[in-house]
Amino acid sequence: MSQTPVQNQKQRQSGLNSVLVALGPSDADRVERLAEEAIDIAGPADATVVIGHVFTREEFDDRVDALGFDREAAEVDPDDVAGRYSSVRELVAFLDEAGVAYEIHGLVGDYADGVVALAEERDADLVLVGGRKRSPTGKAVFGSVAQEVMLSAPCPVTFVRADTK
């Protein structure tokens, strides 16, 4: 999609070209909040929202089977599988309604590493990750994908909680 001179000017002024919204299997209840943040940030700058969905190998294989992809016909593209994921489709509907440009990318691997890889690959200016409030003990015992992304991403990361407005 080529950009108009007005879009190019807005992006130069804001310094924002792309916002990566990281979606995972536990983000279904946070899609609306992530969409609100993405639209509020990317919309005024005419930035592109990169919707990134990272699958573990097992999740990917399960989704490929559940969605009826023909593994014999060709290798299944993670972008195609991500595009058919319900959370991704819901986010796309919000972005379409707001007139915000987007692209969808899927990746198979570790959640945090995959989000960081997508941020690097897509040259993201900002990453939005969803999460829930956890106690310090909960973070220490169970780890946090969002925390790992915040520490490793090549750009700023915004943590979006579903229970905030």
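Mentor: Before we start: two strands pair if DSSP finds at least two bridges between them, and strands (E, at least two residues) and helices (H or I, at least four) are DSSP runs numbered from the N terminus. This is a predicted model, where local features need pLDDT of at least 70, side-chain atom pairs count only at pLDDT 80 or more, and totals for chains, interfaces and linings use all residues. Residues are numbered from 1 along each chain as its sequence is written, and side-chain values use heavy atoms, leaving out hydrogens and water.

Trainee: Got it. In what order do the strands of the sheet come?

Mentor: The order is 3-2-1-4-5, in an open sheet of five strands with parallel pairing. Strand 3 and strand 5 are the edges, each pairing on one side only.

Trainee: And what is the average twist?

Mentor: From one strand to the next, the twist averages 25 degrees (angles run from 0 to 180 degrees between N-to-C directions, with axes fitted to C-alpha atoms, for helices over the stretch in contact).

Trainee: New topic: helix 5. Which of its residues are buried?

Mentor: Ser87, Val88, Leu91, Val92 and Leu95. They cover an arc of only 135 degrees around the axis (taken from the directions to the C-beta atoms), which puts them on the same side of helix 5.

Trainee: What do those buried residues pack against?

Mentor: Their partners, with heavy atoms within 4.5 Å, are strand 1, helix 2 (31-45), strand 2 (48-55), helix 4 (78-83) and strand 3 (102-108).

Trainee: How is helix 5 directed relative to strand 2?

Mentor: At about 175 degrees, with helix 5 packed on the sheet and touching strand 1, strand 2 and strand 3. Helix 6 (residues 111-121) lies across strand 1, strand 2, strand 3 and strand 4, at about 150 degrees to strand 2.

Trainee: And what follows helix 5?

Mentor: Glycine 99, whose phi is positive, near 75 degrees.

Definitions and conventions: Buried means under 20% relative accessible area, exposed over 50%, partly exposed in between (1.4 Å probe, protein chains only).
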